[in-house]
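Look at the structure first, then read on.

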Amino acid sequence: MENKQLPKNGFVREQIKNKPKNKRKLVAKLAVSALCGAVFAIAFCLVLLLMHPILQKYGESTEPETETGGTEHTQSESISEEPTESEDTQEPGTVIAVPKPITLEDYQRLQNELYAIGTQANRSIVTITSVVSDTDWFDNSYEREGLGSGTIIGETESAYLILTERKVITDAERISVTFIDETVAGAELMKYDGNTGLAILTVGKSGLNQMTRNAISVITQGNSNLVRKGTMVLALGSPLGTNYSILTGNITATNNEISTPDCNYSVFTTDIVASQNGSGILINTAGELVGIVMQGYSASSANTLTAVSVAELKPVLDQLLKGQDVPYLGAYVSTVTDTIANKYGLPKGVYVKEVVMDSPAMNAGLQSGDVIVELGGKVMISDRTYLTELLRLIPGETCPVVVLRQGSSGYARITCQVEPDVLR
């Protein structure tokens, strides 16, 4: 047997050779990687192209420019008085706006501007004096005067139209109006609405000289639908009992609502202190009429000013300014919305919550729980459409009212004949 000599260390040494590379597979992998990179690059470019307008718009809205072209900093940003490295590299002409704290002088300047707005709007305010004859316990006759405020809300070729509350002229035998320049003129009652208590007086232009006409102005009506909680307003007239007052404050609530016969009105509450017998108007910072002070519509016992949105009173005001009576049915109503209809199983229309005793609505047979679906041939969808059609009716003329009344077998369609009246 042949003997083989082992290595000196006792181990067998082996040499491992690398597996030969497959060039075809390597090229395929490189091609797939390049294709994925190209697809990713194209997708990134498309996303960037689509997002560019949005990012540009966002950048413009978050970095407002100052008048000199610089970027305006907010109060939350910390601005050092010493120049930083980034400030050294800023282009010439860049301005950094440093916020200043509000001083007493700034506050006084704001108050002066508000009072200037109120002073200008006071040209439309008048003082109304009513004279009432009465007798004392000893049967002696005497005259007593009542004072209140009014607003020049319109004019014709021959007269100025003045808005006030009926309580100011109740039982008056004579009515006089004092304008801003102390000129006194006689006035006559044109029309009033017994529901809201609003009244329109007329003062002939022929008795006023040119200086007085130049000193007074007709108030501009604003959009009270834009009034929100926190809106700054001014109260004019006699909210505290003294005429030509100018009180400033803010709207504290706009979602309160007052129900009156035949209509519902949105009520503005403010943080302005006022008398329960106060009267006047609310204006915005543009000097426009947005509310009519009606303290009787206040839902709280606090001595704060309450006003009704002039936009919701406009249909009634237009009726009075035309010298027309405001028709009256005497039903407290509310809109049957989709939510209410689904929750309580009511038909869509105008729900009758209550009927006033001895009113035209009661005399026609309307009852609480009825749903008015037609008035004067018009379909009723809300309390707004109800008021709109009501104001088109003529007092004394019969009008059909179609209601749905619930019975043992469901809702029955009933037609009532109602004769509108005028609430005195």
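**Terms and values**

Q: Where is the place of Gly230 in the chain?
A: Gly230 sits in the loop between helix H4 (210–215) and strand E7 (232–238). The model is a predicted one.

Q: Why is Gly230 called partly exposed?
A: The relative accessible area of Gly230 is 46%. Buried would need a value under 20%, and exposed a value over 50%. The value for Gly230 lies in between, so the residue is called partly exposed.

Q: What makes Asn250 and Ile251 contacts of Gly230?
A: Contact requires heavy atoms within 4.5 Å. Leaving aside neighbours within four places in sequence, Gly230 is in contact with Asn250 and Ile251. The C-alpha atoms of Gly230 and Ala253, 23 residues apart along the chain, are separated by 8.2 Å.

Q: What share of the chain is called buried?
A: Buried residues make up 37% of the 424 residues. The cut-off here is a relative accessible area under 20%.

Q: What makes a set of residues a nonpolar core?
A: Its members must be buried, be of the nonpolar kinds counted, and be joined through side-chain atoms within 4.5 Å. The largest such core has 49 residues, and Leu198, Leu313, Leu317, Leu366, Ile372, Leu375 and Tyr386 touch the most other members. Helix H5 (residues 310–321) gives the largest share of this core, five residues. A second, separate core has 18 residues, among them Ile128, Ile169, Ala199 and Ile216. In soluble globular proteins, nonpolar side chains tend to be buried together.

Q: Which residues does Leu313 contact, leaving aside its neighbours within four places in sequence?
A: They are Thr196, Leu198, Tyr265, Ile292, Met294 and Val308.

Q: How do you know that the buried residues of H5 are on the same side?
A: The buried residues of H5 are Val310, Glu312, Leu313, Val316, Leu317, Gln319 and Leu320. They cover an arc of only 165 degrees around the axis, and therefore lie on the same side of H5.

Q: What span would a straight helix of twelve residues have, and what does H5 span?
A: At 1.5 Å a residue, a straight helix of twelve residues would span 16 Å. H5 spans only 14 Å between its end C-alpha atoms. H5 is followed by Gly323, whose phi is positive, near 80 degrees.

Q: How many helices and strands are there in the chain?
A: The chain has eight helices and 20 strands.

How values were computed. Residues numbered from 1 in each chain as written. Predicted model: local features only at pLDDT ≥ 70, side-chain atom pairs only at ≥ 80, totals over all residues. Heavy atoms only, no water. Helix = DSSP H or I, 4+ residues; strand = E, 2+ residues; numbered from the N terminus. Buried < 20%, exposed > 50% of the residue type's maximum accessible area, 1.4 Å probe, protein only. Expected span 1.5 Å × (residues − 1). Arc of directions from axis to C-beta.
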